[in-house]
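Here is a friendly briefing to keep beside you while you look over the model. Have the viewer open, and follow the topics in order.

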Amino acid sequence: MMLGRALALALLSAALLSVAARPFVPGWLALGALVPLLYALGAERRLPRAALLGAVTAFGGGLVAFEGVLPVEPWAYPVLVLLASVPGAVTAVLFVVVSRRLGGGAALAVYPLLVGAAEFVVGQRWLFGQLANTMTVLGATQFDTPLRLAAAWSGITGVGLLVAAVNAALVAALRWRRFEPLAAIVLLTALAVLVPAPGSAVQDRERPELRVAVVQGAVTSLDTLMARFDPIAAQRMLATYGALTNATAARNPDLIVWGETVVPRPLRPGEVPEDVATALSSAPRALVGAVSYVEGRSYNSIFHWQDGELHEVYRKRALVPLNERHYTAGQRLPPLDVRGVPIGLGVCLDSVFGSLSREAVRAGARVLITLTEDSFAGRTVTPEMHLRLSAFRAVETGRWLAFANQSGPSAVIDHRGRVIERLALGQRAALLVDVPAYEGLTPYVRFGDWAGLLATVAVAAALVLAAVRSRAAATGSP
């Protein structure tokens, strides 16, 4: 195939992926987005060209995933997008390697495993630290489709693997009129969606629910910045949250939640600033985002307010590369008990890594709460994408999740990933929802990302087989 035509097909896949990843566009589009790329790769024999085609396609997803970086660090945007394209290039190269050694049918069969393995490997924090990436996972496109329910079985990687499998089966049906793989994938997908994952809907009878209020002050990014340096601006910001908290407290919540780093100044152990205490005075209990300063180190933290005292209960673990280099990452902590309901906590990027939510639930969490602040991203797709990725944490763990975004959107999401109630971007208001406490353990919580791990092992085995075949062919051995 001519390079120009192959690039056109890769660009078409990139465009389809980019559109499918955007909010308010049906995620079903992703089920055929990779078909043009696979057609191009099926006719490709040269590995450098395959890498180019794979990178171009992955480029489409990266453009959307890191869009929020543009307003604050324009120089970092192309770097992040290019880095996110590397797994796509590697996947395409391995596809062609398998195709050359084992045939086109084998390459199509292996392709979903290549996608799953790539997403699994690059998302490992123990391997890549703060550079681990789960923002561009293919499964995130399925937030608005029933396919998201498959995340309870094996995490969001399993959802992406199913999406890639549908694309590969479509190519087999269109190219060779082989409909058996498509029928098998459709059946497997239907089972993953229609059969409830064990442990995904077991309500705790002793602690049935928690009345949670999420306060969204929607203070502008400029006012938030000014509050860090100007006491008057800080008082204005806290007064906004205080007024919303007072109005919400009259509706008898068990817990009021503010967003990430709402408190304008860093807090030291035992410190309770007067203006903060005034803003929280009517709250029975509250979770408040603030920077803590302890023994010369700064943490992006969550504080628990009760009886006029603030106690640090969580420190952000997944720090934003470069932008949060001045913070120290926190360590694993037990869930916070609120009226007998253990709560798993997270700040901002913590909600992008399913392993952290899984740890919290394995430690006993019955409800998940995430605090964030996405005003830096302006009106890009990033705030909505952040909410969508957090919804997968709810499905994976079988827990309801409260998502408190200082600038919006904020929401309460049920254990099936459905938004029960939400506040729009820039809306200054509060929402109040009775959040059920669940205690079952989904397969994902029990076994982790087993689909990604098995995909990685299977890909390694396929590459070994391809290498053995290649060596045998070179030596003339049977």
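Six of the eight residues of helix α2 (residues 35–42) are buried, so this helix is largely enclosed by the rest of the structure. Buried here means under 20% relative accessible area, with exposed meaning over 50% and partly exposed lying in between (1.4 Å probe, protein chains only). Please keep in mind that this is a predicted model, in which local features need pLDDT of at least 70 and side-chain atom pairs count only at pLDDT 80 or more, while totals for chains, interfaces and linings use all residues. Residues are numbered from 1 along each chain as its sequence is written, and side-chain values use heavy atoms, with hydrogens and water left out.

**Helix α2 and its cover**

- The buried residues in α2 are Val35, Pro36, Leu37, Leu38, Ala40 and Leu41.
- Their cover includes α1 (3–20), α3 (47–65), α4, α5 and α8 (156–176).
- The element names come from DSSP runs: helices are H or I runs of at least four residues, strands are E runs of at least two, and both are numbered from the N terminus.

**The α4 and α5 pair**

- Helix α4 (residues 76–102) packs against helix α5 (residues 104–122) at an angle of about 150 degrees, and their axes are 9 Å apart.
- That angle makes α4 roughly antiparallel to α5; under 35 degrees would count as roughly parallel, over 145 as roughly antiparallel, 65 to 115 as roughly perpendicular and the rest as oblique.
- Axes are lines fitted to C-alpha atoms, for helices over the stretch in contact, and angles run from 0 to 180 degrees between N-to-C directions.
- The crossing of α4 and α5 is right-handed, a label used if the near helix is turned clockwise from the far one by less than a right angle, with anticlockwise giving left-handed.
- On the α4 side, residues making the contact include Pro87, Leu94, Phe95 and Leu102, and on the α5 side they include Gly104, Leu108, Tyr111 and Val122; contact means heavy atoms within 4.5 Å.

**The sheet that holds β1**

- Six strands form an open sheet in the order β5-β4-β3-β2-β1-β12, with mixed pairing; two strands pair if DSSP finds at least two bridges between them.
- At its edges are β5 (309–315) and β12 (429–436), each pairing on one side only.
- From one strand to the next, the twist averages 40 degrees.
- Helix α11 (residues 231–249) packs on this sheet and touches β1 (209–216), β2 (255–257) and β12, with its direction making about 150 degrees with that of β1.
- Strand β1 is largely enclosed by the rest of the structure, because six of its eight residues are buried.
- Eight bridges join β1 to β12, and these two run antiparallel; Gln216 has Ala429 in β12 as its bridge partner.
- With β2, β1 pairs in the parallel sense over three bridges, and Val212 stands opposite Leu255 there.
- Strand β4 (residues 297–306) is joined to β5 by six bridges, running antiparallel, and Trp305 has Leu310 in β5 as its bridge partner.

- Strand β9 (residues 400–405) and strand β10 (residues 410–413) run antiparallel and are joined by three bridges; Ala402 has Val412 in β10 as its bridge partner.

- Glu396 sits in helix α14 (residues 382–397) and, at 2% relative accessibility, counts as buried.
- The side chain of Glu396 makes a polar contact with the side chain of Arg393 (2.8 Å); such a contact is a pair of N or O atoms within 3.5 Å where, within protein, one must be able to donate a hydrogen and the other to accept it, and residues adjacent in sequence count only if both atoms are side-chain atoms.
- Not counting residues up to four places away in sequence, Glu396 touches several residues, among them Ala151, Gly155, Gly354 and Tyr444.
- Gly155 lies in the loop between α7 (151–154) and α8, and is buried with a relative accessible area of 1%.
- Leaving aside neighbours within four places in sequence, Gly155 is in contact with Ala150, Glu396 and Tyr444.
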